[in-house]
Amino acid sequence: MIRIVHIVNQFFAGIGGEDKADRVVGVIEGAAGAARGLQSQLGEQAQVVATVYFGDNYFHEHKDEAVAAILAELEKRQADAVVAGPAFNAGRYGLACVEICQTVSERLGLRCVTGMEAENPAVGLYRDYHNDKVFLFATTESTTGMIPALKSIAPFVCRLALGEEIGAADAEGYVPRGIRRLTRVDRPAVDRAIDMLLAKVAGEPFKTEVPMEVWDKVAPAPPLADVSGAKLAVICTGGVVPWGNPDGFKTYRNNFWRKYNFAELKTLESGKWEAVHGGYNVAFMNQNPHYGMPLDALRSLEAEGKIGRGKLYPAYYVIPGNQGSPAVMRRVGQEIGAELRKEGVDGVLLVAT
Amino acid sequence: MISAMYPVAEQVGASRIVKAVAIPHPCGDPSLPAELDAQLRREIVATALKALEAKVETSTVFAPKIAASA
């Protein structure tokens, strides 16, 4: 019998939601939560011997401990292969799944499979790793796609466990990792290249054999000579907005930004501001908005002359960053950047969660 | 950029990254007395100001001097 360990976050293990995001790594015997769905797709061929879970925040804030605990559990359970997720559009969960698969394959030599929406930021990380032992399947944005996702993952993980050879991404259905492999073809390269060239000239479709990935690479801006003489602005992706959320930001997938004036304020008073964000527990920031928009610290540095008088731009920019699609965030960044340039701002502090 | 998920910021290529306390409260630590919490926040923002004056060629993480307790 093939032995599978299924790794999920606290929510998909059935432990709880955002209030349990600080949970340490834990283990449930056999299949629990989402792993039950996996077990039913695996049928008789394989067994989920344990469901390992972690709190979404705990994993990122104590990564070394979390990974060590997961590795120890996998060794103890003598897993043949590992499933992590699927994470759908959850950013923290997706990143954790990719990181876990990466480490498990490196340290234990096990092959791993995970799943998430193609727009999940962790997909970029998966591609960057180019790990031939880790496979990622694209899923729907929301959990409505759980069953179809597990239907692709279950037979696939059995093949991984049995050590079967896995073909190219487009044939097998996983997301390409940018790994090039040698294959034998009947026609020489020169003929294939000329066919492609002719198709291109004729405006017909053709498929390159060497796909190139295009990623944004932003060169670091030159340093400021003297911050105390520079005009500074603050951007907040934690979602701190005036109480009542007057512009109607959503807790996820926002596609616009706003700025809020603080020219007359020394602090952001509790009760007058709130955090709108579906990706972390906003209780702390609702109590003290400075955790996400540190106006008190900025004013204190201004009083000491570390920030020049009148040099702090009198409004901060905000968009709750949760589940922002890269395309939208790129546009928002360009819009805010253009405005900052127009306003003559020299340096920006971006407070992210 | 001030972020508790600084390894991720590094992986996606942010230029100047300041290590924050925790995802739900990057600038400060609610388990500290208010005064120390405010000092920690000030230190994090001051570190960000220093980062703006630093010449960097690639993703660089700056750690605030006061250790986060969380």
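Two strands pair if DSSP finds at least two bridges between them. Helices (H or I, at least four residues) and strands (E, at least two) are themselves DSSP runs, numbered from the N terminus. This report uses both terms for a predicted model, in which local features need pLDDT of at least 70, side-chain atom pairs count only at pLDDT 80 or more, and totals for chains, interfaces and linings use all residues. Residues are numbered from 1 along each chain as its sequence is written, while chains are lettered from A and ligands numbered from 1 in the order in which they are written.

## The two chains

Chain A has eleven helices and twelve strands. Chain B has two helices and three strands. Read from the N terminus, the elements of chain B follow the order β-α-β-α-β.

The table sets out burial in each chain. A residue is buried if 20 or more other C-beta atoms lie within 10 Å of its own, exposed if 12 or fewer, and partly exposed in between; C-beta atoms are placed from the backbone.

| Chain | Residues in chain | Buried share |
|---|---|---|
| Chain A | 353 residues | 42% buried |
| Chain B | 70 residues | 47% buried |

Two residues are in contact if their C-beta atoms, placed from the backbone, lie within 7 Å. In chain A, 74% of the contacts between residues at least 6 apart in sequence join residues at least 24 apart. In chain B, residues 24 or more positions apart account for 51% of the contacts with a separation of 6 or more.

## Strands of chain A

Start with strand 5 (residues 111–117) of chain A. Seven of its seven residues are buried. Strand 4 of chain A runs parallel to strand 5 of chain A, and four bridges join them. Here A:Val82 stands opposite A:Cys112. Strand 6 (residues 134–139) of chain A is also parallel to strand 5 of chain A, with six bridges. In that pairing A:Gly115 faces A:Phe137.

Strand 4, helix 4 and strand 5 of chain A form a right-handed β-α-β unit. From strand 5 of chain A, the chain crosses through helix 5 of chain A to strand 6 of chain A, again as a right-handed β-α-β crossover. Right-handed means that, with the strands pointing away from the viewer, the path from the first strand over the helix to the second runs clockwise.

Strand 3 (residues 46–54) of chain A is mostly covered, with eight of its nine residues buried. Strand 1 (residues 2–9) of chain A pairs with strand 3 of chain A in the parallel sense over eight bridges. A:Ile2 has A:Ala46 as its bridge partner. Strand 2 (residues 26–29) of chain A runs antiparallel to strand 3 of chain A, joined by four bridges. There, A:Glu29 is partnered with A:Ala50.

## The nonpolar core

A nonpolar core is a set of buried Ala, Val, Leu, Ile, Met, Phe, Trp, Tyr and Cys residues joined through C-beta atoms within 7 Å. The largest one has 121 residues, and A:Ile4, A:Val82, A:Cys97 and B:Ile2 touch the most other members. Helix 4 (residues 91–108) of chain A gives the most, with eight residues. Domain 1 (2–172) and domain 2 (227–351) of chain A both give residues to this core, so it lies between them. The domain bounds come from an automatic or database domain assignment.

## Where the chains meet

36 residues of chain A contact 32 residues of chain B. Helix 10 of chain A brings the largest share of the chain A side, five residues. That side divides into 20 nonpolar, eleven polar and five charged residues. Ala, Val, Leu, Ile, Met, Phe, Trp, Tyr, Cys and Pro count as nonpolar, Asp, Glu, Lys and Arg as charged, and the others, Gly among them, as polar.

## Backbone details

A cis peptide bond joins A:Gly85 and A:Pro86, with omega about 5°. A:Pro86 sits in the loop between strand 4 (81–84) and helix 4 of chain A.

A:Gln78 has a positive phi, near 50°. A:Gln78 lies in the loop between helix 3 (63–77) and strand 4 of chain A, and is exposed, with 9 other C-beta atoms within 10 Å. A:Gln323 has a positive phi too, near 55°. A:Gln323 lies between strand 11 (315–318) and helix 11 (326–342) of chain A, and counts as buried, with 23 C-beta neighbours inside 10 Å.
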